[in-house]
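Please keep the sequence and the model in view while reading the numbered points.

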Amino acid sequence: MRIATTIFLTDETIRPDRLARELEQRGFAGLYLPEHTHIPASRDTPAPMGEPLPREYGRTLDPFIALGQAAAVTERLALGTGITLVAQHDPVDLAKQIATLDFLSGGRFTLGVGYGWNVEEAADHGVEWSTRRELTRDRMALMRALWADEPTAYKGKYGSVRASLAHPKPVNGAPRILLGGAAGPKLFGQIAEYADGWLPIGGRGLTETVPMLRQAWADAGRADEPVVVPYAVVPSPGKLAHYRELGLREVVLQLPPAGEAEVLRTLDDFAQYL
């Protein structure tokens, strides 16, 4: 099983280049970073992890710039977002960022896609909350048009792009795409439609939900099986053994949003799982 990590990198934590070097040298498989452009100081949306909202949520580094720095100082470390709030981006710009990072890293990028929880944050980006899932689907299709080998036009409900020259391309035509969200028929149908797999936060309840996803995948006529990557996991030997029994091949462990000394101590502890 590949053991990757995630962390809220901020202006107060270990730096991405320093962390990336340590991860690769120690044998960890990857680094995934979350995204919040900002957290409105006044909001009615309750934080899903409970109040008060942890300090790091309003201080996150831009994940693409931070991952670019990580890519520059490593050769094998997988890089990913967990997650990108696709609805909050201009899809033409985002397609270019993703393609550039994947190209420069030699195909090491995974795009984790999420719908978000913060209504006020999304509203500042002009996102209508009730349509954010449909908007995300539309923007993913537009980006795939820009990643296509030949100039390809796309016209959707929320956006369009002319057949265009758009290079560089992601190394394998498109990065691996994992969709985050709570288990259920709606999410699993969307994964089977336009993603490569699922990023379940915390990794609970997978005994019941992984077979449901695999069935939705098969019902959609997809070959092989969907990738399932438990995300932001607090590890234990029994938990990781259970994931292996379910046929999962990668897990993402949660690092503390802390300075270098504390993060490196945590990596020393996590080394037992490598």
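The points below treat the basis of the model, its helix packing, its strands and some individual residues.

1. Basis. The model is predicted, with local features requiring pLDDT of at least 70 and side-chain atom pairs counting only at pLDDT 80 or more, while totals for chains, interfaces and linings use all residues. Residues are numbered from 1 along each chain as its sequence is written, and side-chain values use heavy atoms, with hydrogens and water left out. Helices (H or I, at least four residues) and strands (E, at least two) are DSSP runs, numbered from the N terminus.

2. Burial of helix 1. Helix 1 covers residues 16-26. Its buried residues are P16, D17, L19, A20, E22, L23 and E24, where buried means under 20% relative accessible area, exposed over 50% and partly exposed in between (1.4 Å probe, protein chains only). The cover over these residues includes strand 1 (2-6), strand 2, helix 2 and helix 9 (260-270). After helix 1 comes G27, which has a positive phi near 95°.

3. Helix 1 against helix 2. The two axes come within 8 Å and cross at roughly 45°; axes are lines fitted to C-alpha atoms, for helices over the stretch in contact, and angles run from 0 to 180 degrees between N-to-C directions. Helix 1 is therefore oblique to helix 2. Angles under 35 degrees count as roughly parallel, over 145 as roughly antiparallel, 65 to 115 as roughly perpendicular and the rest as oblique. The crossing of helix 1 with helix 2 is right-handed; a crossing is right-handed if the near helix is turned clockwise from the far one by less than a right angle, and left-handed if anticlockwise. On the side of helix 1, P16, D17 and A20 meet A66, Q69 and A70 of helix 2, contact meaning heavy atoms within 4.5 Å. By class, this contact between helix 1 and helix 2 has four nonpolar, one polar and one charged residues. Here Ala, Val, Leu, Ile, Met, Phe, Trp, Tyr, Cys and Pro count as nonpolar, Asp, Glu, Lys and Arg as charged, and the others, Gly among them, as polar.

4. Helix 1 against helix 9. These helices pack at an angle of about 15°, with their axes 11 Å apart, and are therefore roughly parallel to each other. The crossing of helix 1 with helix 9 is right-handed. R18, L19, E22, L23 and R26 of helix 1 make the contact with E260, V263, L264, L267 and D268 of helix 9. By class, the contact of helix 1 with helix 9 has five nonpolar, no polar and five charged residues.

5. Strands 2 and 3. Strand 2 and strand 3 run parallel and are joined by four bridges; two strands pair if DSSP finds at least two bridges between them. Y32 has G80 of strand 3 as its bridge partner. In a regular strand the side chains alternate between the two faces of the sheet. In strand 3, A78 and G80 point one way, L79 and T81 point the other way, and all are buried.

6. Strand 8 and its partners. Four of the five residues of strand 8 are buried. Strand 5 (residues 109-114) pairs with strand 8 in the parallel sense over four bridges, and T110 stands opposite R176 in strand 8. Strand 8 also runs parallel to strand 9 (residues 197-199), to which three bridges join it. In that pairing L178 stands opposite G197 of strand 9.

7. Backbone points to inspect. Most residues other than glycine have a negative phi, and most peptide bonds are trans. The peptide bond from E51 to P52 is cis, with omega near -5°, and P52 is in the loop between strand 2 (30-33) and helix 2 (63-72). G82 and I83 are also joined by a cis peptide bond, with omega about 10°; I83 lies in the loop between strand 3 (78-81) and strand 4 (84-85). D224, a residue other than glycine, has a positive phi near 60°. D224 counts as exposed because its relative accessibility is 74%.

8. Residue P168. Where is P168 found? P168 is in the loop between strand 7 (160-161) and strand 8 (176-180). At 22% relative accessibility, P168 counts as partly exposed. Not counting residues up to four places away in sequence, P168 touches K96, A99, T100 and F103.
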